[in-house]
Amino acid sequence: MSPIARLALSTRVTPRALVPVISSFAKPALLSQTQRHFHPTTMASNPIATLDASLIPRLPPSSPTLFEAKKQKNLSFEAIAKEVGRDEVAIAALFYGQAQASPEDIQKLSQLLGIPAEKLESQLAGFPDRGRTMDMPPKEPLIYRLYEIVQNYGYAYKAVLNEKFGDGIMSAISFSTKVEKETDEKGEWAVITLRGKWLPYSRF
């Protein structure tokens, strides 16, 4: 069985608000306990993601079509993913033209979003042209923070991965990723898991 490299990035999500101070009369036992709970995001708590119009020139024709239907139906990526049977990050990547849609994906998206199947088949035909959606380094703050994580911890990840697996790289093709929301008494945390097949360098 091929080894799998797995990285889990966790960061606290802190809203721009005053954080109440915990009373000094609270029981110490309660303060020392850490109870973390994973749970899916809910559509009611936050508005759904829509398409930034400034990105349209860099995206395939399918992106405005899919995002407009998503907006009209008021569906989150989580809700769409459940109907299509894929992970929500994979569905979001498909909307941005960074993943390929199968015929089954197209049929399910057509039915769910009310888009003619022929239109989706035409717009989603061919192979994705990946990596065109942003400049490097990225300017959008949330995306830049992910870039910053690699800047800060890239060599640390490499060193630890090399010690665990040897000389090679973690695949971004034989790969999956997911985003989870975790809560505890300290607040909300974003957990991003990266799971890629380990590919050793060939000796020749």
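Q: What do buried, exposed and partly exposed mean?
A: Buried means under 20% relative accessible area, exposed means over 50%, and partly exposed lies in between, with a 1.4 Å probe and protein chains only. E148 counts as partly exposed because its relative accessibility is 23%. S171 counts as buried because its value is 6%. Of the 204 residues in the chain, 25% are buried.

Q: What should I know about the model and its numbering?
A: The model is predicted, so local features need pLDDT of at least 70 and side-chain atom pairs count only at pLDDT 80 or more, while totals for chains, interfaces and linings use all residues. Residues are numbered from 1 along each chain as its sequence is written, and side-chain values use heavy atoms, with hydrogens and water left out.

Q: How many helices and strands are in the chain?
A: Helices (H or I, at least four residues) and strands (E, at least two) are DSSP runs, numbered from the N terminus. The chain has seven helices and four strands. E148 belongs to helix α7, residues 141-165, and S171 to strand β3, residues 168-184.

Q: Which residues does the "active site" annotation cover?
A: UniProt positions are given in the numbering used here, feature names are shortened, and annotations may be inferred rather than shown by experiment. The unreviewed UniProt entry lists R145, E148 and S171.

Q: Which residues is S171 in contact with, leaving aside neighbours within four places in sequence?
A: Contact means heavy atoms within 4.5 Å. By that rule, S171 touches G196, K197 and L199.
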